[in-house]
Amino acid sequence: YILNMGVSFKELRVWQKGNKLLLQIYELTADFPKEEKFSLTQQLRRAANSIIANIAECHGRFHFKDKIRVLYIARGELEETRSHLLVSFQLNYVSEEVYQELEKEYAGLLIGINEFILNYKKRIN
């Protein structure tokens, strides 16, 4: 994963992967029941959006410890997204195939965020 401050956050592979998943979440939740518009739909979109927003914020931070702190928030938002996806699957708003694919992709994104954190931790020590 790119750690160079000279590039835009949009060039970070971890941000790109999260953005691709966010767009999938928006497409997926467009078909959720109308009664979920202000609950599960909104929560899932907000959590998925917060992942990439925090990755972008991390990119703009100067100190490595501050970058790591913001990445921990992104990681928490990722787990919240996974929880909302599971509930969506349990309520039959999402097929098993779509759920399993998104779960796999978010697990991969989690690995990417963890690698990002570890790379910054190495720069502190």
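View 1. With a relative accessibility of 29%, F9 counts as partly exposed, a class lying between buried (under 20% relative accessible area) and exposed (over 50%), as judged with a 1.4 Å probe and protein chains only. W15, by contrast, is buried at 13%. The model is a predicted one, in which local features need pLDDT of at least 70 and side-chain atom pairs count only at pLDDT 80 or more, whereas totals for chains, interfaces and linings use all residues. Residues are numbered from 1 along each chain as its sequence is written, and side-chain values use heavy atoms, with hydrogens and water left out. Searching the whole structure gives five aromatic pairs; in the pair of F9 and W15 the ring centres are 5.2 Å apart and the planes stand at 75°, so this pair is edge-to-face. Rings of Phe, Tyr and Trp (its six-membered ring) pair if their centres lie within 6.5 Å, with planes under 30 degrees apart counted as stacked, over 60 as edge-to-face and the rest as tilted.

**View 2. The tilted pair of F32 and Y93.** The ring centres of F32 and Y93 are 5.3 Å apart with their planes at 50°, so the pair is tilted. Because F32 lies in the loop between α1 (13-29) and α2 (40-60) and Y93 in the loop between α3 (64-90) and α4 (96-124), the pair ties together parts that are 61 residues apart in sequence; helices here are DSSP runs (H or I, at least four residues), numbered from the N terminus. F32 is buried at 4% relative accessible area, while Y93 is partly exposed at 24%.

**View 3. An aromatic cluster.** F64, F116 and Y120 together form one aromatic cluster.

Technical notes
Helices (H or I, at least four residues) and strands (E, at least two) are DSSP runs, numbered from the N terminus.
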